[in-house]
Amino acid sequence: MYKKLLNKSALASLALLSSGAVMAQGADTVICNDCNAGKIDQLISQQADKQVYVVDFVNATAKKFEDGKSVKLSVSELNSLNHKFDYRKTTLRAVN
């Protein structure tokens, strides 16, 4: 019985991690190095997607916006963004 519970929880964890990674891959990603809030708002409004990730390599940060509002970035989404931009040799951190 313990093994079945372990398998179910492992599958649930994997599903959560992969869903965040899939969302991060499918959404628009905007690179805005050392931008102020006004510039970020302008860039977000130009995107067709409801969900947009803003990446700043100067400050090593990543933000997620849904419908123009900042929302919390999940660990799996942050990992996916770091993997997507691993050639930059910068580890991004999530900010709100």
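## An aromatic cluster and its surroundings

F57, F85 and Y87 form one aromatic cluster. The model is predicted: local features need pLDDT of at least 70 and side-chain atom pairs count only at pLDDT 80 or more, whereas totals for chains, interfaces and linings use all residues. Residues are numbered from 1 along each chain as its sequence is written, and side-chain values use heavy atoms, with hydrogens and water left out.

The structure holds two aromatic pairs. Rings of Phe, Tyr and Trp (for Trp, its six-membered ring) pair if their centres lie within 6.5 Å; planes under 30 degrees apart count as stacked, over 60 as edge-to-face and the rest as tilted. F57 and F85 make an edge-to-face pair, at 5.3 Å centre to centre and with 75° between the planes. This pair links distant parts of the chain, 28 residues apart: F57 is in the loop between β2 (51-56) and β3 (61-66), and F85 is in the loop between α3 (75-84) and β5 (93-94). Helices (H or I, at least four residues) and strands (E, at least two) are DSSP runs, numbered from the N terminus. The pair of F85 and Y87 is tilted, because the ring centres are 6.3 Å apart and the planes stand at 55°.

Where do F85 and Y87 fall on the scale of accessibility, buried or exposed? F85 is buried, with a relative accessible area of 7%, while Y87 is exposed, at 53%. The cut-offs are under 20% relative accessible area for buried, over 50% for exposed, and partly exposed in between (1.4 Å probe, protein chains only). F57 is buried, as is F85. R88 lies over the face of F57, at 4.1 Å from the ring centre. A charge sits over a ring if NZ of Lys or CZ of Arg is within 6 Å of the ring centre and within 35 degrees of the ring normal.

F57 and F85 also belong to the largest nonpolar core, which has ten residues in all; the others are A27, Y53, V55, A62, L73, L78, L81 and L92. Both β2 and α3 supply at least two residues of this core. A nonpolar core is a set of buried Ala, Val, Leu, Ile, Met, Phe, Trp, Tyr and Cys residues joined through side-chain atoms within 4.5 Å. Leaving aside neighbours within four places in sequence, A62 is in contact (heavy atoms within 4.5 Å) with V54, L73, L78, L81, L92, R93, A94 and V95. A second, separate core has eight residues, among them C32, I40, V52 and V54.

Strand β2 is also the place of Q51, which counts as buried at 17% relative accessibility. The side chains of Q51 and Y53 are joined by a polar contact of 2.7 Å. Such a contact is a pair of N or O atoms within 3.5 Å; within protein, one must be able to donate a hydrogen and the other to accept it, and residues adjacent in sequence count only if both atoms are side-chain atoms.

C32, one of the residues in the second core, forms a disulfide with C35, their sulfur atoms 1.6 Å apart. A disulfide is counted for a pair of cysteine sulfur atoms within 2.5 Å, and a search of the whole structure finds one. The torsion about the S-S bond of C32 and C35 is about -110°, so the disulfide is left-handed. C32 is buried, with a relative accessible area of 5%; C35 is partly exposed, at 24%.

Two loop residues have exposed positions. K72 lies in the loop between β4 (69-71) and α3 and is exposed, with a relative accessible area of 69%. Not counting residues up to four places away in sequence, K72 touches K64, E77 and N96. T91 is found in the loop between α3 and β5, and counts as exposed at 65% relative accessibility. With neighbours within four places left aside, T91 is in contact with A60 and N82.

The protein chain as a whole has three helices and five strands, in the pattern α-β-α-β-β-β-α-β along the sequence. Buried residues make up 30% of its 96 residues. Of the contacts between residues at least 6 apart in sequence, 52% join residues at least 24 apart.
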